[in-house]
Amino acid sequence: MKVDFKNCMIDINKDYSEELNKFLTLFSPIRETIYKEEVEEEFHDEILVIGMGGSILGTETIYYALNPECKAIFLDNTDPESTLRKIKSLENPKVYVVSKSGNTLETLINYKLVKEKVKVKEFIFITNGGKLLEIAKKNNYRVLNIPEEVPGRYSIFTAVGKAPLSAVGVDVKRLLKGAKALDQIDEKHEAIKNAIIHYLHEREGRDISVLFTYVEALTYFGEWYKQLVGESLGKNGLGITPLLSIGAKDQHSLLQLYLDGKKDKVITFLTVDNYREDVEIEFENAKKYSEIIKAEKLATEKALTNRGVPNITVELKEVCEEELGSLLYFYMIQVAFMGVLYNINPFNQPAVEEEKRICWSILRK
Ligand SMILES: O=P(O)(O)OC[C@H]1O[C@H](O)[C@H](O)[C@@H](O)[C@@H]1O
């Protein structure tokens with residue numbers, strides 16, 4: 001992957017070595033995960049993953065981006081229509097139940113529903129404790145653990161992602177290879193630079209981070225990015241707001257706002273050099289279909305730049321395991337380093353506990 005900062009419209013003129021040293025200590029448990037290759041699950045032609053937030057979004061990101069042959073269904077919410085439609089489509093799945101705490105309400109109820117309604121080939125629990133570990137022990141399910149010091153939304157390179165992804169045939173070693181390719185972390189690292197750029201813009205009031213993906217296969221990456229940014233940085237009245245847009249179609253819905261609305265945004269284009277599918281077609285001077293969306297992205301980039309809207313382009317060679325491993329690791333570095341710049345803990349999410357307490361009390365009335 002490569003990052004183009006030419007339209008970032010801000011100068012980095014401070015030494016961040018002190019913050020970098022603090023970051024390297026903070027980030028070390030996450031760095032360790034990309035060097036552990038132990039988890040390889042047997043391939044199965046139908047899997048179901050049950051989880052929430054960091055326990056499922058990374059796996060969905062990679063699955064939906066690569067779109068492997070094997071069928072995978074994800075229960076990541078409690079919407080009855082969607083959940084029951086998914087459950088009805090299952091025949092005899094291998095089921096991964098993923099929850100670091102083991103106490104997440106949605107994961108517990110979705111496990112119970114599947115246990116009662118689906119003929120399951122095998123349950124594998126990826127958890128460190130709580131009610132789920134008790135259930136696993138009682139039913140003698142296989143249990144995989146997550147390094148305790150790795151927060152959920154940074155855990156894609158642990159068994160959380162590696163187990164279900166290897167079960168659907170994703171080449172996890174290539175995923176890790178992509179992350180390792182970005183593991184020489186110094187002040188010149190592009191993720192560190194991108195962190196400082198977004199931090200400095202936020203300090204000047206540009207606190208909305210628009211992820212404008214011109215690759216529909218990376219839509220779920222946007223969901224993962226939302227949680228990573230929202231939960232890591234939204235503390236003590238601080239943070240930036242992640243907003244997902246899909247190119248080229250959002251040029252016809254949100255671009256007016258980005259061009260002529262409040263100047264409170266930093267746009268990140270997410271593109272590929274090579275689309276995995278393409279077709280020859282003559283249209284104006286274009287000879288291939290992919291030339292259209294590339295022209296649209298370039299035009300949008302120029303229009304935003306002409307209006308003084310800061311924008312950065314992150315370009316993957318194409319959507320593949322290595323590039324996805326690099327992309328996820330890039331943003332984990334960026335967001336964790338932004339936590340250091342804000343002097344907050346990017347790895348917890350204390351505020352969400354209040355909602356959970358209230359919900360359990362409602363259900364227990
Ligand atoms: O993995 P779990 O313990 O089930 O947690 C799943 C998710 O729920 C929590 O409430 C947090 O919002 C997320 O950071 C976490 O990823």
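## Around the ligand and beyond

Let's begin at the ligand: one of its oxygen atoms has a polar side-chain atom of Gln227 at a distance of 3.3 Å. Arg153 also brings a polar side-chain atom to an oxygen atom of the ligand, here at 3.4 Å. In the case of Thr104, an N or O atom of the side chain is 2.5 Å from a ligand oxygen. A polar contact here is a pair of N or O atoms within 3.5 Å; inside the protein, one atom must be able to donate a hydrogen and the other to accept it, and sequence neighbours count only through two side-chain atoms.

On its own, the ligand has 390 Å² of accessible area, and the protein covers 88% of that (Shrake-Rupley method, 1.4 Å probe). Two elements, α9 (219-233) and α13 (352-363), each give two or more residues to the shell around the ligand. There are 14 residues around the ligand, and those that come nearest are Ser55, Ser99, Thr104, Glu231 and Lys356; to be near, a residue needs a heavy atom within 4 Å. What is the make-up of this shell in nonpolar, polar and charged residues? Two are nonpolar, eight are polar and four are charged, where Asp, Glu, Lys and Arg count as charged and Gly counts as polar.

A word on the background: this is a predicted model, in which local features need pLDDT of at least 70 and side-chain atom pairs count only at pLDDT 80 or more, while totals for chains, interfaces and linings use all residues. Residues are numbered from 1 along each chain as its sequence is written, and side-chain values use heavy atoms, with hydrogens and water left out.

Now for some individual residues, with their places and their exposure. Buried means under 20% relative accessible area, exposed means over 50%, and partly exposed lies in between (1.4 Å probe, protein chains only). Helices (H or I, at least four residues) and strands (E, at least two) are DSSP runs, numbered from the N terminus.

| Residue | Relative accessible area | Class |
|---|---|---|
| Lys94 | 4% | buried |
| Asp264 | 11% | buried |
| Ile109 | 42% | partly exposed |
| Asn236 | 67% | exposed |
| Glu284 | 72% | exposed |

Lys94 belongs to strand β4 (residues 94-99). Asp264 is placed in the loop between α10 (255-260) and β9 (265-272). Which side chain does the side chain of Asp264 meet in a polar contact? The partner is the side chain of Lys265, at 2.6 Å.

Ile109 is part of helix α4 (residues 105-117).

Asn236, in the loop between α9 and β8, has a positive phi of about 50° although it is not a glycine. Glu284 is another non-glycine residue with a positive phi, near 55°, and the loop that holds Glu284 runs between β10 (280-283) and β11 (286-288). Where is there a cis peptide bond with omega near 10°? That bond goes from Gly247 to Ala248, and Ala248 lies in the loop between β8 (241-246) and α10.
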